[in-house]
Amino acid sequence: MSGKPRLTYLNGRGRMESIRWLLAAAGVEFEEIFLETKEQYEKIIKDGSLMFQQVPLVEIDGMKMVQTRAILSYIAGKYNLYGKDLKERALIDMYVEGIIDLMQMILVFPFSPPEAKEKNLDSIKERATNRYFPVFEKVLKQHGQDFLVGNKFSWADVQLIEAILAVEEKVPAVLSGFPKLQAFKIRMSNMPTIKKFLQPGSPRKPPPDEHYVETVRKIFMK
Ligand code: IBG
């Protein structure tokens, strides 16, 4: 065994992408197994690898971890990205949960019927602009520091840069009214581990395409 965490999911973003982001930001290399067929998925259920018959699955430190948030918080704790005390951790949790709510809209977007796409895109833009991004703009403005919590790089920063880039893919001008977030984006994108993850050839996955949507449908929805 290599000792690297082993990730089992589809070859696409979905619920695994934040885990890839967090490991990469922490400077941790990982291996990936990509599910392409329902048979592969049923086999790992049969093996007893999936506690709730769901992926993401991350094998790490002798555990077969499922549940995205549990996996993320384990990684954040292990790699010192989870604040210096309970209060910082609570703040990180609040920021992360808010960003996950926004990302949930992006996660399900590729599966929306064609007639709902425009409306769903408007909702993403509206929520990002009026609910979520103003919170982080204000935080950065008020404390004037480089990172969201405790003047130190944390899980919250990683979630936010992932979300900013994902929303920008859909709504390119979304940061126009948010100067602090524009600067945050540049800072985060230049952190060595993140810079590497943003380069071609990294384990970062591209935006969902037809093949990915079909594979998700074939494995989980039929
Ligand atoms: N609470 C779990 C978590 O956060 O990890 C949910 C995991 C989950 O829903 N996994 C899906 C699964 O295994 C794959 S992601 N489903 C099988 C089942 O029987 O529940 C699928 C998905 C995508 C995009 I990709 C939007 C919604 C779901």
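**Fold, core and ligand site of the predicted model**

The protein chain exposes about 11800 Å², with carbon and sulfur atoms supplying 54% of that (areas by the Shrake-Rupley method with a 1.4 Å probe; for residues, only the protein chains shown count as cover). This is a predicted model, so local features need pLDDT of at least 70 and side-chain atom pairs count only at pLDDT 80 or more, while totals for chains, interfaces and linings use all residues. Residues are numbered from 1 along each chain as its sequence is written, and side-chain values use heavy atoms, with hydrogens and water left out.

On overall shape, the C-alpha atoms of the protein chain fill a box of roughly 50 × 45 × 30 Å along the principal axes. The chain has nine helices and four strands, in the order β-α-β-α-β-β-α-α-α-α-α-α-α (DSSP runs numbered from the N terminus: helices are H or I, at least four residues; strands are E, at least two).

Turning to the inside, the largest nonpolar core holds 72 residues (buried Ala, Val, Leu, Ile, Met, Phe, Trp, Tyr and Cys joined through side-chain atoms within 4.5 Å). I19, F133, L148, F153, L160, V167 and L181 touch the most other members. Helix α6 (residues 155-170) gives the most to this core, with 10 residues. Leaving aside residues up to four places away in sequence, F133 is in contact with residues including L102, L160, V167 and L181 (contact means heavy atoms within 4.5 Å).

As for the ligand, 14 residues surround it, the closest being Q54, V55, Q67, T68 and Y212 (a residue is near if one of its heavy atoms lies within 4 Å). A polar side-chain atom of Q67 sits 2.6 Å from a ligand nitrogen. Ligand oxygen atoms lie 3.0 Å from a side-chain N or O atom of Q54 and 3.3 Å from one of R15. The protein covers 78% of the 670 Å² of accessible area that the ligand has on its own.

Finally, E59 is found in strand β3 (residues 57-60) and is buried, at 13% relative accessible area. Its side chain makes a polar contact of 3.3 Å with the side chain of K64 (N or O atoms within 3.5 Å; within protein, one must be able to donate a hydrogen and the other to accept it, and residues adjacent in sequence count only if both atoms are side-chain atoms).

Technical notes. Buried means under 20% relative accessible area, exposed over 50%, partly exposed in between (1.4 Å probe, protein chains only).
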